[in-house]
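Trainee: Could you walk me through how to read confidence, salt bridges and disulfides in a model like this one?

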Amino acid sequence: MLPLAESTDLEPYNRTQYCHWPCECPLVPPSCPSGVSLLMDGCDCCKACARQVGEECNEADTCDYHKGLYCDYSSDKPRYEKGVCAYMVGTGCEHDGVIYRNGQSFKPSCKYQCLCVNGAIGCVTLCTDSQPPRVWCQNSRRVKIPGRCCEQWICDEPKKGKKTAPRHAVEALPVEAKGQSRNCVIQTTSWSICSKTCGRGLSLRVSNANDRCEMVKESRLCNIRPCEVDITKHIKPGKNCMNIYREEQPKNFTISGCVSKKSYRPKYCGVCVATDHRCCIPYKSKTINVEFMCPNGAVFTWQVMWINACFCNLSCKNPNDIFAELENYYGYPEIVN
């Protein structure tokens, strides 16, 4: 809301029209500099790069509210048409003994760009090459390169006699798929980490184990732990963690109103008490096929992750530490069937 103009003896003036309708927007949205938000303009017409602190603003050119900025019109009396982007009064942030003001952008390390927004800190990684090499690489690993901040992926040639490969490396499966060409070398990546830390999520992998020997994306259902159960209540007295949680009674899986034909009693990964910063993750699992029946009589099959064992460790560090390096647990290959 713009403040009302104060009474004045000056002659009336024509207010500048910054918004024009119908909207005319470029086909491609503008590319904003790093750290500048792409927002809908004040006319609610087009995407535009948000104005930053100290820059001029008006009803069309909006300030970057993601950084706690607003348009201060106080110096443009009595028109109140043009303003300057300024910080709202908000709570600052503290990290590693350093105080940052509300809306301030900073780099706690060469790997992250962070922003303080009213007491909360949000960060984005500056190391964008976070995926291993493509599926042709059978042995991939990350290495620290002198003079560079971010670790780099490299592809090692397979060594003779090595029976296991790092997690996420491509696995050569000796068994040929039915109907496949004998010239097809079966390659399958390991399943990705479950998309959710609790409740049902999805895990993905890429495989050419099909009649055409084509690399296709496969998916399976996964459930690391139930969201509705407070597992900490099941931790034994004197213990800080519970590796495996299992419900007392078997139950049927459900998806979109369809129910599994069989009942199951799956294992879930447990948790640790709040004072223990370890996290519990699966390190042995397999894939099972679950057949579902729908109310209309339709039957379909989904691949489902079946957890065999979990372990609790400090690799996750403090779950609230947004600067902690994300671990992919390469030393704990998943058993895939």
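Trainee: What average pLDDT does the protein chain have?

Mentor: The protein chain averages a pLDDT of 76, and 75% of the residues score at least 70.

Trainee: Which elements have the lowest and the highest mean pLDDT?

Mentor: Strand β13, residues 171-172, has the lowest mean pLDDT among the elements, at 43. The highest, 93, belongs to strand β3, residues 56-57. Over residues 4-9 the pLDDT is below 50, and this stretch has six contacts in the model beyond near neighbours in sequence. The pLDDT is also below 50 over residues 159-179, a stretch with 44 contacts beyond near neighbours in sequence.

Trainee: How should the predicted coordinates be read where pLDDT is low?

Mentor: Where pLDDT is low, the predicted coordinates should not be read in detail.

Trainee: On to salt bridges. How many does a search of the whole structure find?

Mentor: The search finds five salt bridges. One of the five pairs Asp61 with Arg51, with the closest N and O atoms 3.1 Å apart. Asp61 lies in the loop between β3 and β4, whereas Arg51 lies in the loop between β2 and β3, so this pair ties together parts that are 10 residues apart in sequence.

Trainee: Where in the chain do Arg205 and Glu218 lie?

Mentor: Arg205 is in strand β15 (residues 200-207) and Glu218 in strand β16 (residues 216-223), so to speak two strands to look at side by side in your viewer. The pair links distant parts of the chain, 13 residues apart. Their salt bridge has its closest N and O atoms 2.9 Å apart, and both Arg205 and Glu218 are buried.

Trainee: What about the salt bridge between Asp276 and Arg278?

Mentor: Their side chains meet at 2.9 Å, N to O. Asp276 counts as buried because its relative accessibility is 14%, while Arg278 is partly exposed at 31%.

Trainee: Now the disulfides. What does the count come to?

Mentor: The count comes to 13 disulfides. Alongside the sulfur distance, look at the torsion about the S-S bond, which gives the handedness. One of the 13 is formed by Cys19 and Cys43, with sulfur atoms 1.9 Å apart. The torsion here is about -85°, so the disulfide is left-handed. Cys19 lies in the segment before β1 and Cys43 in the loop between β1 and β2, so the pair ties together parts that are 24 residues apart in sequence. Both Cys19 and Cys43 are buried.

Trainee: What is the torsion about the S-S bond of Cys25 and Cys46?

Mentor: The torsion is about -80°, so that disulfide is left-handed. The S to S distance is 1.8 Å. Cys25 is in the segment before β1 and Cys46 in the loop between β1 and β2, 21 residues apart. Cys25 is partly exposed, with a relative accessible area of 39%, whereas Cys46 counts as buried at 13%.

Trainee: Is the disulfide of Cys194 and Cys222 left-handed or right-handed?

Mentor: With a torsion of about 85°, the disulfide is right-handed. The sulfur atoms of Cys194 and Cys222 are 2.1 Å apart.

Note on methods:
Residues are numbered from 1 along each chain as its sequence is written. This is a predicted model: local features need pLDDT of at least 70, side-chain atom pairs count only at pLDDT 80 or more; totals for chains, interfaces and linings use all residues. Side-chain values use heavy atoms; hydrogens and water are left out. pLDDT is the predictor's confidence in each residue, from 0 to 100. Helices (H or I, at least four residues) and strands (E, at least two) are DSSP runs, numbered from the N terminus. Contact means heavy atoms within 4.5 Å. A salt bridge is a side-chain nitrogen of Lys or Arg within 4 Å of a carboxyl oxygen of Asp or Glu. Buried means under 20% relative accessible area, exposed over 50%, partly exposed in between (1.4 Å probe, protein chains only). A disulfide is a pair of cysteine sulfur atoms within 2.5 Å.
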